[in-house]
Amino acid sequence: MRTYEVVFIAAPTLTTEQLDAFVAQMQAVVQDKNGKVIKVDNWGKKAMAYKLKRFRDGYYVILTIEADGAAIAELERRFRVSDFVIRFLSVRIDEDLKRSEKLKAARQRKIKTKRAPEPQPATEPQAEPQAEPNAAAGSG
Amino acid sequence: MPAPRRFSIRRRRVCKFCAEKITYIDFKDGRLLSHFIPERGKILPRRISGVCAVHQRQLSEAIKRARHLAILPFVAD
């Protein structure tokens, strides 16, 4: 399972009901392929930076999906077939997010060791055993 | 003595992303990315923006994705 971020732009001629129906349909496609839609982010109608298929604006919808590549392939096929999807982009984000988390965690550790009064913070992270009896075992 | 510097384009010493502790540059954040797009629509070189190499790579990728989605222009005039 991988995490993807799928963004598509739907034609502004669509009604909100049609758009909602299409989004629901796409969610069903993902679930069909044993995927999971984590988040649906609808930006609404937004002006585009340049004209696309003679439209100046479009509905931006961002789906965060946890699924295999097959689900994404199917989703993209549907986007291509569909008349009112004017642009789409799917990006795999799990590795980027993992790296981002790692960097954040490393920064947290750095801050902790800096603030710790002990000379060897890496081996003995706890400052006062009496103050935090539970935290001493878990932190590292 | 070095020649007097012109400050028409302000040089930034510190990478904005390192300073603000941004670990993932989101291609959907047009407002953030637009800081690195001069009027012409090109990607600002890092010798001017001061962005570090790691973040410049991520930034350029994000800008290219944003352009594909019409969040940012390819060319602006």
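Biologist: In which loop is the place of Asn34(A)?
Modeller: Residues are numbered from 1 along each chain as its sequence is written, with chains lettered from A and ligands numbered from 1 in the order in which they are written. The model is predicted, and local features need pLDDT of at least 70, side-chain atom pairs count only at pLDDT 80 or more, while totals for chains, interfaces and linings use all residues. Helices (H or I, at least four residues) and strands (E, at least two) are DSSP runs, numbered from the N terminus. Asn34(A) belongs to the loop between helix 1 and strand 2 of chain A.

Biologist: Does Asn34(A) count as buried or exposed?
Modeller: A residue is buried if 20 or more other C-beta atoms, placed from the backbone, lie within 10 Å of its own, exposed if 12 or fewer, and partly exposed in between. Asn34(A) has 12 C-beta neighbours inside 10 Å, so it counts as exposed.

Biologist: What is the phi of Asn34(A)?
Modeller: Asn34(A) is a residue other than glycine, yet its phi is positive. The value is near 60 degrees.

Biologist: In what order do the four strands of the open sheet in chain A stand?
Modeller: Strands pair if DSSP finds at least two bridges between them. In this sheet the pairing is antiparallel. The order is 2-3-1-4.

Biologist: Which strands of chain A stand at the edges?
Modeller: An edge strand here has a single partner strand, so one side of it is left without a neighbour in the sheet. The two in that position are strand 2 and strand 4 of chain A.

Biologist: Over how many bridges do strand 2 and strand 3 of chain A pair?
Modeller: These strands form a hairpin with two residues between them, and Lys53(A) in the turn has a positive phi of about 50 degrees. Val37(A) has Ile65(A) as its bridge partner, and Asn42(A) has Val61(A). Strand 2 and strand 3 (residues 55-67) pair in the antiparallel sense, and the bridges number eleven.

Biologist: At what angle do the axes of helix 1 and helix 2 of chain A cross?
Modeller: Axes are lines fitted to C-alpha atoms, for helices over the stretch in contact, and angles run from 0 to 180 degrees between N-to-C directions. The axes of helix 1 (residues 16-32) and helix 2 (residues 69-81) of chain A come within 9 Å and cross at roughly 150 degrees.

Biologist: Which residues of helix 2 of chain A meet Met26(A), Val29(A) and Val30(A)?
Modeller: Contact means C-beta atoms, placed from the backbone, within 7 Å. Met26(A), Val29(A) and Val30(A) lie in helix 1 of chain A. In helix 2 of chain A they meet Ala71(A), Glu74(A), Leu75(A) and Arg78(A).

Biologist: Which element of chain A gives the most to the side that touches chain B?
Modeller: 16 residues of chain A are in contact with twelve residues of chain B. Strand 1 (2-10), strand 2 (36-52), strand 4 (85-92) and helix 3 (94-115) each give two or more residues to that side of chain A. The most, six residues, come from helix 3 of chain A.

Biologist: How many helices does chain B have?
Modeller: The elements of chain B run α-α-α-α from the N terminus on. Chain B has zero strands, and its helices number four.

Biologist: Where is the place of Lys21(B)?
Modeller: Lys21(B) is exposed, with 9 other C-beta atoms within 10 Å. Its phi is positive, about 55 degrees, although it is not a glycine. Lys21(B) is in the loop between helix 1 (16-19) and helix 2 (30-33) of chain B.

Notes: Two residues are in contact if their C-beta atoms, placed from the backbone, lie within 7 Å.
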